[in-house]
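Reader: Hi! I have a structure open on my screen and would like to talk it through with you. Could you walk me around it?

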Amino acid sequence: MKITVVGTGYVGLVTGACLAEMGNHVVCLDLDARKIEILNNGGIPIHEPGLLEVVQRNAKGGRLEFTTDVDAAVAHGTVQFIAVGTPPDEDGSADLKYVLAAARAIGERMTDYKVIVDKSTVPVGTADKVHAAVAEALAARGETMEFSVVSNPEFLKEGAAVEDFMRPDRIIVGAEDERAILLMRSIYAPFVRNRDRLLVMDLRSAEFTKYAANAMLATRISFMNELSRLAERVGADIEWVRQGIGSDPRIGTHFLYPGAGYGGSCFPKDVKALVRSGAEVGLNLGVLEAVEAANERQKQVLVEKVVARFGADLSGRRFAMWGLAFKPGTDDMREAPSRVIVADLIARGAEVVAYDPVAMEEAQRVMPGQAGLRYAASAPETLPGADALLIVTEWKEFRSPDFDAIRAQLKQPLVFDGRNLFEPIDMAQLGIEYHAIGRPAPK
Ligand code: NAD
């Protein structure tokens, strides 16, 4: 099938590459010439495990092309996926300007039937707006033409995006006409061969499902983070509690990890957008407001612990920091807790020496010229002369570090762990003072 993907970010590039992998002829469009140049030179503009190989294989096979040429891209695909960003507007609602611009661009150029598939995360009712934008663009040319609008939200996780796309738990298709449903079924058939996991529903329910999923996941995290604060006060260990509740199948073990707060391009903005959607129809979504407030608080938790140990004035102190990306497996720094932590430590007069296996370039881009922040070439190189180590992202390479080096090279053996990587008892035996999330010091 001929497919166009508009937007070659985390979602668009993975979608385009994986659809090409199944034999489709895919053209990926982006307005960012830098990204298209990187792709046309055989690279990829983001860090995503396994993606480079899929992109290179399919580009070489002639099934995957990259362009900034809107005319050519619209002319190419019968199915046009829109996978552009939907950042939060000032009031928290999803900003649809990129989605609607993409829709208009299609309407201004299409010459035959198209299925326009919204893959971006968009509020309920956006499909109607996309439909109107395309229809208006056609009308402005004095044209009427058949087209369908489909909602097909994406559930991939950064860091495991190719795997998630190739082996989806479910595929949600919101569509209200048979022709589009048949096309969507045939696109996704290769991905659901062992068991049909494609759920066809009405457009609004499909749009809603994506927000509901992210809001639920964010709720679990904030719930655990709040309980971890209580555990600290009452002398319980949140890691035991986590295992104790997670073994109940009604609760399950996933997404129950307390930490230094959630970040990324999705949870923060999607929770905000859902709260905003509620407000627009006169509903106060109090649970989700609390989820967001708890997360903002949680981003401060490591600095609170540092302040409790050293006092509010951190002048002259230096901190080693492991991890900048909002989670392991990605270079994405959007809404990363590390940004709040770095800013807060520096505002209190401290210096930060940070290391991240893949996100340092992106960190430099989003925190340009940040005085007081330096980067090290490896995790051990952050340590010499630092007052303490802060662990902010749970990259695998931080899980079994050289504890002797930590003990020897820090000014004092002191670790603040925002991701609960180690056992307090082991750290005590190693002679390292250890502050984790929701875990008491061993008696
Ligand atoms: P991104 O910012 O990485 O990529 C968006 C791309 O779209 C950019 O490269 C931008 O240049 C391009 N673009 C913008 N307007 C365009 C236009 N008119 N024509 C062509 N290209 C255009 O965003 P992302 O992380 O891939 O997210 C895209 C959407 O998918 C968002 O709605 C997001 O909420 C949703 N989503 C993201 C993830 C994730 O893990 N990143 C997961 C599921 C869903």
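**A buried glutamate and its surroundings**

Author: Happy to! Glu-158 counts as buried, because 25 C-beta neighbours lie inside 10 Å and the cut-off for buried is 20 or more. Keep in mind that this is a predicted model.

Reader: Thanks! Where is Glu-158 placed?

Author: Glu-158 lies in the loop between β6 (147-151) and α7 (161-166).

Reader: And which residues does Glu-158 touch?

Author: Not counting residues up to four places away in sequence, Glu-158 touches Tyr-10, Glu-48, Gly-264, Gly-329, Thr-330 and Asp-332.

Reader: Which residues does the UniProt "binding site" annotation with Asp-30 cover?

Author: In the unreviewed UniProt entry, that "binding site" annotation covers Asp-30, Lys-35, Thr-86, Thr-121, Glu-158, Lys-269 and Arg-334. These residues span 305 residues in sequence and their farthest two C-alpha atoms are 23.8 Å apart, so they do not all gather at one spot.

Reader: Let's pick Lys-269, then. Where is Lys-269, and is Lys-269 buried or exposed?

Author: Lys-269 sits in helix α11 (residues 267-280). Lys-269 is buried, with 23 other C-beta atoms within 10 Å. Leaving aside its neighbours within four places in sequence, Lys-269 is in contact with Pro-87 and Pro-88.

Reader: What does UniProt list for the "binding site" that has Phe-155 in it?

Author: From the unreviewed entry, that "binding site" listing has Phe-155, Leu-156, Lys-157, Glu-158, Lys-210, Phe-255, Leu-256, Tyr-257, Pro-258, Gly-259, Gly-263 and Lys-327. Here the residues span 173 residues in sequence, and the farthest two C-alpha atoms are 23.6 Å apart, so they do not all gather at one spot.

Reader: I'm curious about the leucines. Where is Leu-156, and what is Leu-156 in contact with?

Author: You will find Leu-156 in the loop between β6 and α7. Leu-156 is partly exposed, with 19 other C-beta atoms within 10 Å. Setting aside neighbours within four places in sequence, Leu-156 is in contact with Val-11, Val-14, Ala-161, Asp-164 and Phe-165.

Reader: And where is Leu-256 found?

Author: Leu-256 is in the loop between α10 (238-246) and α11. With 18 C-beta neighbours inside 10 Å, Leu-256 counts as partly exposed. Its contacts, leaving aside neighbours within four places in sequence, are Arg-220, Met-224, Arg-242 and Gly-246.

Reader: Great. Switching to helices: how do α1 and α3 cross?

Author: The axes of α1 (residues 10-21) and α3 (residues 51-60) come within 9 Å and cross at roughly 55 degrees. That angle makes α1 oblique to α3. The crossing of α1 and α3 is left-handed.

Reader: Which residues meet there?

Author: From α1, Leu-13, Val-14, Ala-17, Cys-18, Ala-20 and Glu-21 meet Leu-51, Val-54, Val-55 and Asn-58 of α3. By class, the contact has eight nonpolar, one polar and one charged residues.

Reader: What follows α13?

Author: Gly-311 follows α13, and the phi of Gly-311 is positive, near 95 degrees.

How values were computed: Residues numbered from 1 in each chain as written. Predicted model: local features only at pLDDT ≥ 70, side-chain atom pairs only at ≥ 80, totals over all residues. Axes fitted to C-alpha atoms, helices over the stretch in contact; angles between N-to-C directions. Helix = DSSP H or I, 4+ residues; strand = E, 2+ residues; numbered from the N terminus. Parallel < 35°, antiparallel > 145°, perpendicular 65-115°, else oblique. Left-handed = near helix turned anticlockwise from the far one by under 90°. Contact = placed C-beta atoms within 7 Å. Nonpolar A, V, L, I, M, F, W, Y, C, P; charged D, E, K, R; others polar. UniProt positions renumbered as here; feature names shortened; annotations may be inferred. Buried ≥ 20, exposed ≤ 12 C-beta atoms within 10 Å, placed from the backbone.
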